[in-house]
Amino acid sequence: MSDKFYNVLFLCNANSARSIMGEAILNRIGTGRFKAFSAGSQPKGTVNPDALHLLETLNFDTSFARSKSWDEFAAPDAPEMNFVFTVCDNTTNESCPIWPGHPMTALWAIPDPAKAVGTDAEVHLAFADAYRMLNNRISLFVNLPVDTLDHMTLQHHLDEIGRDTKPN
């Protein structure tokens, strides 16, 4: 096993639910090999309470969670990212900054659970579904032999992880 350590940034518009969940999941299952961060292009300023509740129910420490701008990670003193994953399902008219170090990027679109309407159970289900999709994708990612794959092959795997795969 490699001693290489990778920084990963999860991006979304508001940085209030999906990207926060991605940060939490990767920091749990990627411990020792990956360090996750999250940010938004238009941060809401607060983390969605339903996202926090779900994470707390799953025994995550949520003290890390805060909604912040991606500008923090484009600053000269920011940690250099190896990977940047956009988890928004609508990136129309979004232009990402040029990240220092030119990290690998992929779109891992997840429907926004914060837009869910209906009963409390239906809203909770939307958050649980977003968590499940993120957890599945991140689990696939952490099990890739990242340090032994060439750039093109690794990019192909990252793109495949983000594709919607529906059972037949």
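Mentor: Let us start with a pair of helices: H3 and H4 are roughly antiparallel to each other, a label for angles over 145 degrees, whereas under 35 counts as roughly parallel, 65 to 115 as roughly perpendicular and the rest as oblique. This is a predicted model, in which local features need pLDDT of at least 70 and side-chain atom pairs count only at pLDDT 80 or more, while totals for chains, interfaces and linings use all residues. Residues are numbered from 1 along each chain as its sequence is written, and side-chain values use heavy atoms, leaving out hydrogens and water.

Trainee: At what angle do helix H3 and helix H4 pack, and how far apart are their axes?

Mentor: Two packed helices are described by the angle between their axes and the distance between the axes. Here helix H3 (residues 120–142) and helix H4 (residues 151–162) pack at about 165 degrees, with their axes 9 Å apart; the axes are lines fitted to C-alpha atoms, for helices over the stretch in contact, and angles run from 0 to 180 degrees between N-to-C directions. Both helices are DSSP runs (H or I, at least four residues; strands are E, at least two), numbered from the N terminus.

Trainee: Which residues of H3 and H4 meet?

Mentor: Arg 137, Leu 140 and Phe 141 in H3 meet Leu 158, Ile 161 and Gly 162 in H4, where contact means heavy atoms within 4.5 Å.

Trainee: How many bridges join strand E1 to E2?

Mentor: Strand E1 (residues 6–12) is joined to E2 by 7 bridges; the bridge partner of Cys 12 is Gly 40 in E2, and Leu 11 stands opposite Ala 39 in E2.

Trainee: Is strand E2 (residues 34–40) mostly covered or mostly open?

Mentor: Strand E2 is mostly covered, as 6 of its 7 residues are buried, meaning under 20% relative accessible area, with exposed over 50% and partly exposed in between (1.4 Å probe, protein chains only).

Notes:
Two strands pair if DSSP finds at least two bridges between them.
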